[in-house]
Amino acid sequence: MSTTNGPTWRYDTASTDGGQVLRLAGELDMDATAALRDLLDGAVARSAAVEVDLTEVRFIDSTVITTLVAAHNAAARRACRLTVTNPQGHVRRVLELTGVLRTLT
Amino acid sequence: MIVGGLAAQADDLPAGGCEVPAAGSETLLSASFDPQTATRLRHAVAAAAARAGLGGDQLEDFVLAAYELVTNAIRHGGGAGRLELRRHDGTLTCEVVDRGPGFDGLPVRLPAADSPGGRGLWLAQRLGGNLTVTSRPDGVTASIAVRVTGSPGAAARGVRLAGDAGGEVR
C-alpha cells in the first residue's frame, strides 16, 4: 500500500470571451489548498472574470471554502469577478450551509 | 455544544496508546494521523462509517465533520493526532485527540460569508452532531456523534445541539 497520496483532484482551464473558466474535478481537501490558491491567483491576474466550475467536484472542506472566499475577495480588490458555478450534491449543500454560496455564485 | 462533559477522559493515555473503550462499544477504526495521512484517513472513515450503516447525506456529512476535526488538530493542535471511530448502542462516535497547545475559546459561530476562515468546527458541529470539545492539560479531545439505524441508507438522523447560538434543534 502506497504511503503517499496521489492528487485527488485535477483541473483544466479554458479562455472564453469574458475571461477564464477553471474546471475542477475530484475531491479537494486541505492538501489541495496551496495549489488551488496559486491556480486561482494566476487566473485572476490574467482575466477580468474567472469562473470556477465545480460540476465534477465531489468533496470540499472548510479549508477549500476559505481558499475560494479569499480568492473571491482578492479578485474583487483587483476588479476581477470570480464566481463559482454548478456546485453539486454535497458540495452545494456545504456551500449553502456555510452561507457562502450566494457570495460566490 | 457541550464542553468538558461527555467526552471520554483521555488524560491518562500513554504516549501513542489507545484508551479502553466503554463496555459494549466496538472500535471500528483507530489511527494516528499527520498532514500526509489525513486524506487517506478520511477515506478510511468513510468506508468504516458506511459499513456501520451510514448512507447518503448522513454519511457525507459525518465524513466531512470527522475530517474537520482532523484538520483542526493538524492546523491548531500541534500538527498530528489520533482518530477513533466507535459504535455503541446505535451511536457512531468519532473522537480526535491531539497533544497541541489547546485553545482559549471555541469559535463555533459561523463567520460572515465574506470571511475567509473559521468554519471548520462550525461544520463539525452542524454536520456531525453533538460536538464535544474537552481541553486537557496536554491537548484537546474533540468528538462528534450520530445515531445510526444500523442499515445502509439510514433514515432520519438525530442531531442534538446544546446551548449553541449557531445551531438549530431538530
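## Chain A: overall fold

Among contacts in chain A between residues at least 6 apart in sequence, 69% join residues at least 24 apart. The model is predicted. Chain A holds four helices and four strands, and from the N terminus on these elements follow the order β-β-α-β-α-β-α-α.

The radius of gyration of chain A is 13 Å, which agrees with the value near 13 Å for a compact globule of 105 residues. The C-alpha trace of chain A spans about 45 × 25 × 20 Å along its principal axes. Buried residues make up 51% of the 105 in chain A. The chain exposes about 5,100 Å², and 47% of that area is supplied by carbon and sulfur atoms.

Helix 1 of chain A covers residues 33–46, 14 residues in total. From first C-alpha to last, helix 1 reaches 20 Å, close to the 20 Å expected at 1.5 Å a residue. Its buried residues are A:Thr33, A:Leu36, A:Leu39, A:Leu40, A:Gly42, A:Ala43 and A:Val44. The cover over the buried residues of this helix includes strand 1 (9–15), strand 2 (20–27), strand 3 (49–59), helix 2 and strand 4 (81–85) of chain A. An α-helix has 3.6 residues a turn, so residues three or four places apart point the same way.

A:Thr67 belongs to helix 2 (residues 62–77) of chain A. A:Thr67 counts as buried because its relative accessibility is 6%, under the 20% limit. Leaving aside residues up to four places away in sequence, A:Thr67 touches A:Thr33, A:Leu36, A:Arg37 and A:Leu40. Among these, A:Thr33, A:Leu36 and A:Leu40 are buried residues of helix 1.

In soluble globular proteins, nonpolar side chains tend to be buried together. Here the largest nonpolar core has 71 residues, and those touching the most other members are A:Leu24, A:Leu95, B:Phe62, B:Leu83 and B:Leu92. Helix 2 of chain B (residues 56–76) gives the most to this core, with eleven residues.

Helix 2 of chain B is mostly covered, with 15 of its 21 residues buried. The end C-alpha atoms of this helix are 30 Å apart, which agrees with the 30 Å that 21 residues should span at 1.5 Å a residue. Just after the helix, B:Gly78 takes a positive phi of about 100°.

B:Leu83 touches B:Leu29, B:Ser30, B:Ala31, B:Phe33, B:Leu41, B:Val45, B:Val70, B:Cys94, B:Glu95 and B:Val96, with residues up to four places away in sequence not counted.

## The interface between chains A and B

The contact between the chains involves 27 residues of chain A and 29 residues of chain B. About 2,300 Å² is buried between chain A and chain B, and carbon and sulfur atoms give 56% of this area. On the chain A side, A:Met30, A:His90 and A:Leu97 lose the most area to chain B, together 24% of what that side buries.

Most residues other than glycine have a negative phi. A:Ala79 has a positive phi, near 55°, and sits in the loop between helix 2 and strand 4 of chain A. With a relative accessible area of 65%, A:Ala79 is exposed.

In chain B, B:Asp89 also has a positive phi, near 55°. B:Asp89 lies in the loop between strand 3 (81–88) and strand 4 (91–98) of chain B, and its relative accessible area of 64% makes B:Asp89 exposed.

Definitions and conventions:
Residues are numbered from 1 along each chain as its sequence is written. Chains are lettered from A and ligands numbered from 1 in the order in which they are written. This is a predicted model: local features need pLDDT of at least 70, side-chain atom pairs count only at pLDDT 80 or more; totals for chains, interfaces and linings use all residues. Side-chain values use heavy atoms; hydrogens and water are left out. A nonpolar core is a set of buried Ala, Val, Leu, Ile, Met, Phe, Trp, Tyr and Cys residues joined through side-chain atoms within 4.5 Å. Buried means under 20% relative accessible area, exposed over 50%, partly exposed in between (1.4 Å probe, protein chains only). Helices (H or I, at least four residues) and strands (E, at least two) are DSSP runs, numbered from the N terminus. Contact means heavy atoms within 4.5 Å. The expected span of a helix is 1.5 Å times one less than its number of residues. The radius of gyration is taken over C-alpha atoms; the globule rule is 2.2 Å times the number of residues to the power 0.38. Accessible areas come from the Shrake-Rupley method with a 1.4 Å probe; for residues, only the protein chains shown count as cover. Buried area is the accessible area (1.4 Å probe) that two parts lose on being put together, summed over both.
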